[in-house]
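Welcome! Take a moment to look over the structure below, and then we will walk through its strands and helices together.

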Amino acid sequence: MSLRPYIVGNWKMNGTRAMLSEARAIDRAAQRHMKVEVAVAPPFTLIHAVHREAEQIGVGAQDCHPAADGAFTGDVSASMVADAGAKFVILGHSERREGHGETNELVRTKVQSALAAGLKVILCCGEPEERRDAGAHEKFVLNQLRLSLPESVDGAGEKLTVAYEPIWAIGTGRTPTLDDIAAMHAAIRGFLIERFGDAQGSVIRILYGGSVKPDNARDILGVAEVGGALVGGASLTADSFMNIALAAGDGEDA
Ligand code: PGA
């Protein structure tokens, strides 16, 4: 089981084939920084092409449908993204929860179908600003996890990653304090151990996401229980993304 820091780029709805040169550059740089596990989640249309370019980095999807196949116009199943070369899928991102009305229950069925298709899962959670202002952020996030994760997952430590992304920090340039990140990650760790047992729950990686940039990455990645980062905007160029990965690997080459 890899306990290297895990740095994942979420390209969101960005990228045409012109972006493949960035993927190649990320892959080449990742080969020089083996202390860090690097992955990207391009849009569906680029998964196969990025997979073909990637010798070192992991490639994943940003969503999948809960059903294995069928009459779901415009949707894409877990086995389809696996067939295209994805090894993992990001599920429950707040932009899906908010923009597509995804409930915790729907996210849980997606997690189950992704695992059944052999994909690993990065499950996102995070509170809206008003929940933090009300001091209800931990309760909110733990409830999301309680309802979005299956009761039991064989090999949970290897197959699951949790990404804590406060909604108000995504794409805004604002981040929680390091103490706030530490407190939330500790609460999530406690929940994961309670749900999956000590052996598995203590090794599930917990990523932080929300305005991670090259200049704040070292501090954030140094927080206890932060096992990596889920990076949106700053993952769109190899230069800024790999500077974040470099911060995760202590700036040293392998
Ligand atoms: P951001 O996005 O890095 O652009 O804030 C993070 C995410 O939504 O995963």
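**Strands side by side**

Valine 8 stands opposite leucine 230 in β8. The model is predicted, so local features need pLDDT of at least 70, side-chain atom pairs count only at pLDDT 80 or more, and totals for chains, interfaces and linings use all residues. Residues are numbered from 1 along each chain as its sequence is written, and side-chain values use heavy atoms, with hydrogens and water left out.

- Strand β1 covers residues 6-10; strands (E, at least two residues) and helices (H or I, at least four) are DSSP runs, numbered from the N terminus.
- In β1, 5 of its 5 residues are buried, meaning under 20% relative accessible area with a 1.4 Å probe, protein chains only.
- Tyr6, Val8 and Asn10 point one way from β1, while Ile7 and Gly9 point the other way.
- β1 pairs in the parallel sense with β2 (residues 37-41) over 5 bridges; to pair, two strands need at least two bridges found by DSSP.
- Asparagine 10 has alanine 41 in β2 as its bridge partner.
- β1 also runs parallel to β8 (residues 228-231), joined by 4 bridges.

**The barrel**

- The 8 strands close into a barrel in the order β1-β2-β3-β4-β5-β6-β7-β8, with parallel pairing.
- β7 (residues 205-209) and β8 run parallel and are joined by 2 bridges.
- Tyrosine 208 has alanine 229 in β8 as its bridge partner.

**A helix on the sheet**

- Helix α2 (residues 44-53) packs on the sheet and touches β2 and β3 (58-61); contact means heavy atoms within 4.5 Å.

Conventions: Buried < 20%, exposed > 50% of the residue type's maximum accessible area, 1.4 Å probe, protein only. Axes fitted to C-alpha atoms, helices over the stretch in contact; angles between N-to-C directions.
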